[in-house]
Amino acid sequence: MAPINLSAEQACAIVQATTFDVFNEHDASKRRQLMEKYWAPGVTCFSPFGIATGYDALDQVWAGLHADEKSTWIFSRSGDLWLDFNLIMQPWVYGPPEAAEPAMKGWDVIHVDEDGKVHKLYALIEGMSTHVHTA
């Protein structure tokens with residue numbers, strides 16, 4: 001897959017839709033519309049919680065993120081967007097909207113395909129890893 005040159009405007013729209021709009025949207029049909037607009041059908045999300053491929057699997061990830069006491073929690077921007085060709089990185093925080101400290105901090109690393117849709121999403125969460133590294 002050859003790199004494409006996303007504009008800053010395109011990258012901002014993709015990050016807004018991916019990291020904030022989709023994962024903060026509680027209406028399932030609106031969330032699905034956003035997924036279909038910005039994500040490839042075989043989109044894969046890699047996170048410390050596992051690997052999820054496709055819209056239905058990512059809906060399950062969404063349900064886990066907003067379960068129980070986390071039903072009102074939101075993702076918010078916490079720093080600058082980084083863009084390199086078709087790779088975007090956005091730091092975020094997640095937790096109750098009015099909390100002094102977020103419950104979770106991390107970065108979304110988004111890989112965009114030739115069609116300008118999210119192909120892969122890597123959710124990196126501060127303090128969590130899928131592999132233990134020993135020096």
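## Exercises on a predicted model

At 0% relative accessibility, glutamine 90 counts as buried (buried means under 20% relative accessible area, exposed over 50%, partly exposed in between, with a 1.4 Å probe and protein chains only). The model is predicted, so local features need pLDDT of at least 70 and side-chain atom pairs count only at pLDDT 80 or more, while totals for chains, interfaces and linings use all residues. Residues are numbered from 1 along each chain as its sequence is written, and side-chain values use heavy atoms, with hydrogens and water left out.

**Exercise 1.** Determine where glutamine 90 is placed and which side chain makes a polar contact with its side chain.

*Solution.* Step 1: glutamine 90 is found in strand β5, residues 87–95 (a strand is a DSSP run of E with at least two residues, numbered from the N terminus). Step 2: its side chain makes a polar contact with the side chain of arginine 77, at 2.9 Å. Step 3: a polar atom of the glutamine 90 side chain also lies 2.9 Å from the backbone oxygen of glycine 79. For a polar contact, a pair of N or O atoms is within 3.5 Å; within protein, one must be able to donate a hydrogen and the other to accept it, and residues adjacent in sequence count only if both atoms are side-chain atoms.

**Exercise 2.** Describe the phi angle, location and exposure of phenylalanine 85.

*Solution.* Step 1: phenylalanine 85 has a positive phi of about 60°, although it is not a glycine. Step 2: most residues other than glycine have a negative phi. Step 3: phenylalanine 85 lies in the loop between β4 (82–84) and β5. Step 4: phenylalanine 85 counts as partly exposed because its relative accessibility is 44%.

Notes: Helices (H or I, at least four residues) and strands (E, at least two) are DSSP runs, numbered from the N terminus.
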